Amino acid sequence: MKPVSKILFNTLVLRQSVNLPQLGSLQIDIHPATMHSKTRLVPPYTSITFSRSQSKHFPSFVDIIAREAAVRDERAKSIYKHWLEEVTKDGVVKVESVGEFKGELFTPTEELMGLLNPAGTSPKATIKLKKVVEPGKLVARLVIVAMLVAVAAFFSWRYIMRDKLAEKDKIAHSVPGSKGNDGFDMRDIEVNDLEARKNDTLKKDSVPTVSEVIKATLDKDTTASGGAASQTTIATAATATVQSPQESAPVATGRSYYVMLGVFSLEENADKYIRQTRANGGDTLNYNKFRMSNGRYGVSIMTCRSEKEAIARRDALKRMIPDVWVYSEKNK
């Protein structure tokens, strides 16, 4: 195949209409598929229409030669003229693998039409189809499938979250006043922590200080005695807070049980809480600040080896510190 003929062949295979100087123009028409009957379809096909006139919407074949051969326009015109003379004989232009131009007619080759119409060259060729599902029924089926998938996903999510919570907080005891059988719910920490993130202040990490507890005790003593509370009362309140048995070191495996004062989203808030509590009469407490498994900062006053021991110590402190609670997590 001559190089110029090959360029024309590739241009038509790519379904590009083109103007051929001194010949006319070739227009590529793409016909969509159409329904012949309820169960039969006429496949899409491509046809080529020849006209003796040029179209302003089609590119010139000379320009295509210049681009493909990387030559100037004058050189491309010379190449095209020489090629046209070679393929013209007795008024008939015959281009290898493309087709034959004769008068007002253009007859494409079977090779070219086969590439343009892989499903067949005849526009009346039909293909048998399976029964088409009505659109309404198809939509209803899709909706049902989507609902089933959503329900399955919801229950799977609940199952996964339940296992995660059970693993994370196998034992935990709730803050006084919450519902349940004395079990601490990690969601209570999450609520306090979200408020702390919003305001980024110590006040939002709402955990009562030891000084507030001592002040409440003093107020009761003052009311009962009719006068100011003595230093002995202050010492008794502070001492009673820390007279629980000494904290035990956590075992190497299993879980640790913490008697908690508060949970904070920011480490600086935990440090500030400890400083303020010590300054306000809680300097005898043995504070333990630690990083929790959820990334937050806990402040405890004891660490126990067992749940039973932690509950007993929490109950002993509740009269002085009502909001003390037990938190547990796996040892690292």
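What follows is a conversation about strands, helices and cores in a predicted model.

Visitor: What makes strand 1 and strand 2 a pair?

Guide: Two strands count as paired if at least two bridges are found between them. Strand 1 and strand 2 (residues 24-31) are joined by 3 bridges and run antiparallel, so they meet that definition. L20 stands opposite G24 in strand 2, and N19 stands opposite S25. The hairpin of these strands has 3 residues between them, and Q22 takes a positive phi near 70° there.

Visitor: How do you know that strand 2 and strand 5 pair?

Guide: The rule asks for at least two bridges. Strand 2 and strand 5 have 7, in the antiparallel sense, and therefore count as paired. In strand 5, Y45 is the bridge partner of H31.

Visitor: Why do strand 12 and strand 14 stand at the edges of their sheet?

Guide: Their sheet is an open one of 4 strands, in the order 12-13-11-14 with antiparallel pairing. Strand 12 (288-291) and strand 14 (325-330) each have a single partner strand, so one side of each is left without a neighbour in the sheet. The twist averages 50° from one strand to the next.

Visitor: How do you know that strand 12 pairs with strand 13?

Guide: There are 4 bridges between strand 12 and strand 13 (residues 297-304), which run antiparallel. The rule needs at least two, so the strands count as a pair. One of the bridges has N288 with S300 in strand 13 as its partner. Helix 9 (residues 267-282) packs on this sheet and touches strand 11 (255-264), strand 12 and strand 13. The direction of helix 9 makes about 55° with that of strand 13.

Visitor: Why are helix 1 and helix 2 called roughly perpendicular?

Guide: The axes of helix 1 (residues 3-13) and helix 2 (residues 61-69) cross at roughly 105°. Angles of 65 to 115 degrees count as roughly perpendicular, and helix 1 and helix 2 are therefore given that name. Their axes come within 11 Å.

Visitor: What residues make up the contact of helix 1 with helix 2?

Guide: V4, I7, L8 and T11 in helix 1 meet F61, I64, I65 and E68 in helix 2. The residues of this contact divide into 6 nonpolar, 1 polar and 1 charged.

Visitor: What makes a residue such as L8 part of a nonpolar core?

Guide: A core member is a buried nonpolar residue joined to others through side-chain atoms within 4.5 Å, and buried means under 20% relative accessible area. L8 belongs to the largest core, which has 30 residues. L8, L20, L26, F61, Y80, W83 and F101 touch the most other members. Elements that give two or more residues to this core include helix 1, strand 1, helix 2 and helix 3 (73-87). Leaving aside its neighbours within four places in sequence, L8 is in contact with V18, L20, F61, W83, V95 and V98.

Visitor: How many residues are in the second, separate core?

Guide: The second core has 20 residues, including V259, L261, Y273 and Y297. In soluble globular proteins, nonpolar side chains tend to be buried together.

Technical notes. Residues are numbered from 1 along each chain as its sequence is written. This is a predicted model: local features need pLDDT of at least 70, side-chain atom pairs count only at pLDDT 80 or more; totals for chains, interfaces and linings use all residues. Side-chain values use heavy atoms; hydrogens and water are left out. Axes are lines fitted to C-alpha atoms, for helices over the stretch in contact, and angles run from 0 to 180 degrees between N-to-C directions. Contact means heavy atoms within 4.5 Å. Angles under 35 degrees count as roughly parallel, over 145 as roughly antiparallel, 65 to 115 as roughly perpendicular and the rest as oblique. Ala, Val, Leu, Ile, Met, Phe, Trp, Tyr, Cys and Pro count as nonpolar, Asp, Glu, Lys and Arg as charged, and the others, Gly among them, as polar. Buried means under 20% relative accessible area, exposed over 50%, partly exposed in between (1.4 Å probe, protein chains only).
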